[in-house]
Amino acid sequence: HQLRGPITSLKGYSSMILEGNYGPTSEKIKEVVKRLSQSSQALALIIDDFLNLSRIERGKIEFKFEKADVKMVVESAIKEIQHIAQTKSLKLNLKVAEGTYKANIDKGKMKQIISNIIDNAVKYTIKGSVNVDLLRKNENILIKISDTGIGLPKGTSSKLFKKFGRLNNANDANIDGTGLGLYLAKVVIDAHKGKIWAESKGKEKGTTFFIRLKAI
């Protein structure tokens, strides 16, 4: 918990510098600050993963459910990752279909999950884009996070959601990860009585993650 404060400060000040709150900044300095922002965001996600794993294993994970706008949660998550995508020259797009997106959720945990999945999509995509779609399907809210990255070998999507689950092609890409993010995502989504899953047409053909929640 003591690590969270400094990381939050790093993220906040980096964001304010990049947004010009402290005046004009040279492109050279901006590049350095973008990397600081990227590293602090990655570290924040790792810290949250281990804190939540600890709570789950001790049976002390708690949820603060409240009526909230899922659209605002998604937008907030994208804002945090946008600088990381720009550093890799990737397009990070959000498309929201008409409709209302109220649900009974734990806003903090839901944002963490969505941030983690978008962050992973950016990590595993060398070129192209990451697209986030928000839409209503009858009484359900559906969040789709699609990338043009390394994809999934056939028959491996279910392994992603196991504790410390990492696929060989992720290791081959030399991308760091705890193997906890998607396991924790499933625990949280299950607690929301929702569903999370992944689909891919195969290696090098991108991946799409789906989160389905009950609308209210």
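This is a predicted model: local features need pLDDT of at least 70, side-chain atom pairs count only at pLDDT 80 or more; totals for chains, interfaces and linings use all residues.
Just after helix α6, Lys-193 takes a positive phi of about 60 degrees.

**Helix α6**
- Helix α6 spans residues 181–191, and its buried residues are Gly-181, Leu-182, Tyr-183, Leu-184, Ala-185, Val-188 and Ile-189.

- Five strands make up an open sheet with mixed pairing, and their order is β2-β4-β5-β7-β6.
- The edges are β2 (91–96) and β6 (195–199); each has a single partner strand, so one side of each lacks a neighbour in the sheet.
- On average, neighbouring strands of this sheet are turned by 15 degrees against each other, direction ignored.
- Strands β4 (residues 129–137) and β5 (residues 140–147) run antiparallel and are joined by eight bridges.
- If you want to find this pairing on screen, look for Asp-133, whose bridge partner in β5 is Lys-144.

**Helices on the sheet**
- Helix α3 (residues 70–87) packs on the sheet and touches β2, β4, β5 and β7 (208–214).
- The direction of α3 makes about 170 degrees with that of β2.
- Helix α4 (residues 107–123) lies across β2, β4, β5, β6 and β7, and runs at about 25 degrees to β5.

**The nonpolar core**
- The largest nonpolar core holds 40 residues, and Val-70, Ile-114, Ile-143, Ile-145 and Ile-211 have the most contacts inside it.
- At least two residues of this core come from each of α3, β3 (102–105), α4, β4, β5, α6, β6 and β7.
- Helix α3 gives the most, with eight residues.

**A buried glutamine**
- Gln-41 sits in helix α2 (residues 27–57).
- Is Gln-41 buried or exposed? Its relative accessible area is 3%, so Gln-41 counts as buried, for which the cut-off is under 20%.
- The side chains of Gln-41 and Lys-11 are joined by a polar contact of 3.5 Å.
- Not counting residues up to four places away in sequence, Gln-41 touches Lys-11, Glu-80, Ile-81, Ile-84 and Ser-115.

Key:
Residues are numbered from 1 along each chain as its sequence is written. Side-chain values use heavy atoms; hydrogens and water are left out. Helices (H or I, at least four residues) and strands (E, at least two) are DSSP runs, numbered from the N terminus. Buried means under 20% relative accessible area, exposed over 50%, partly exposed in between (1.4 Å probe, protein chains only). A polar contact is a pair of N or O atoms within 3.5 Å; within protein, one must be able to donate a hydrogen and the other to accept it, and residues adjacent in sequence count only if both atoms are side-chain atoms. Contact means heavy atoms within 4.5 Å. Two strands pair if DSSP finds at least two bridges between them. Axes are lines fitted to C-alpha atoms, for helices over the stretch in contact, and angles run from 0 to 180 degrees between N-to-C directions. A nonpolar core is a set of buried Ala, Val, Leu, Ile, Met, Phe, Trp, Tyr and Cys residues joined through side-chain atoms within 4.5 Å.
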